[in-house]
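Good morning, and thank you for joining this group meeting.

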Amino acid sequence: MRRPPPPVRPYAVRASDAWARAFARGHAAEFELLTAEAGPELDRLMVVPPDLNPEAEPVGGYRTAVGRVVDGPGRIAHADPARALLDEIGRPRHGRVQLAASP
């Protein structure tokens with residue numbers, strides 16, 4: 001019996017194309033696997049940007065949300081979600097969640 005696909009996280013709910021939904025399902029599956037394998041003793045965080053653009057200029061700031069879409073410019077620079085991740089390492093505010101991050 002095949003397992004049903006993982007749920008589509010809210011990060012792709014607004015997107016209507018199949019690529020974005022498959023991408024979101026991949027993130028959901030990764031997080032479920034991490035959660036299942038890590039057990040309760042490991043604190044974990046998955047920072048999920050909307051879409052990365054290697055040619056975009058960093059904005060220098062970001063907004064976050066757990067369990068919903070963060071409205072933003074769409075494709076963003078790698079540095080923006082990286083900053084969100086580094087800030088979470090330095091000042092943990094979230095744990096055991098997928099964290100949407102967007103400028």
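I shall begin with a term: a residue is called buried under 20% relative accessible area, exposed over 50%, and partly exposed in between, with a 1.4 Å probe and protein chains only. This is a predicted model, in which local features need pLDDT of at least 70, side-chain atom pairs count only at pLDDT 80 or more, and totals for chains, interfaces and linings use all residues. Residues are numbered from 1 along each chain as its sequence is written, and side-chain values use heavy atoms, with hydrogens and water left out.

Let us take helix 2 and Glu 88. Helices (H or I, at least four residues) and strands (E, at least two) are DSSP runs, numbered from the N terminus. Glu 88 sits in helix 2. Is Glu 88 buried or exposed? Glu 88 counts as buried, because its relative accessibility is 6%. Contact means heavy atoms within 4.5 Å. Apart from neighbours within four places in sequence, Glu 88 touches Leu 45, Arg 93, His 94 and Leu 99.

Leu 86 also belongs to a helix, namely helix 2, yet Leu 86 is exposed, with a relative accessible area of 59%.

Helix 2 covers residues 79-90 and lies across strand 1 and strand 5, at about 155° to strand 1. For such angles, axes are lines fitted to C-alpha atoms, for helices over the stretch in contact, and angles run from 0 to 180 degrees between N-to-C directions.

Three strands form an open sheet in the order 1-5-3, with mixed pairing. Two strands pair if DSSP finds at least two bridges between them. The edges are strand 1 (45-48) and strand 3 (63-66), each of which pairs on one side only. On average, neighbouring strands of this sheet are turned by 30° against each other, direction ignored. In general, strands of a sheet pair through backbone hydrogen bonds, either parallel or antiparallel. Here, strand 3 and strand 5 (residues 97-102) run antiparallel and are joined by four bridges. Arg 63 stands opposite Ser 102 in strand 5.

Gln 98 is found in strand 5 and is buried, at 5% relative accessible area. Which distance separates Gln 98 from His 27 in space? The two are 8.7 Å apart, C-alpha to C-alpha, although 71 residues apart in sequence.

Finally, Arg 96 lies in the loop between helix 2 and strand 5. Most residues other than glycine have a negative phi. Arg 96, however, has a positive phi of about 60°. Arg 96 is partly exposed, at 39% relative accessibility.
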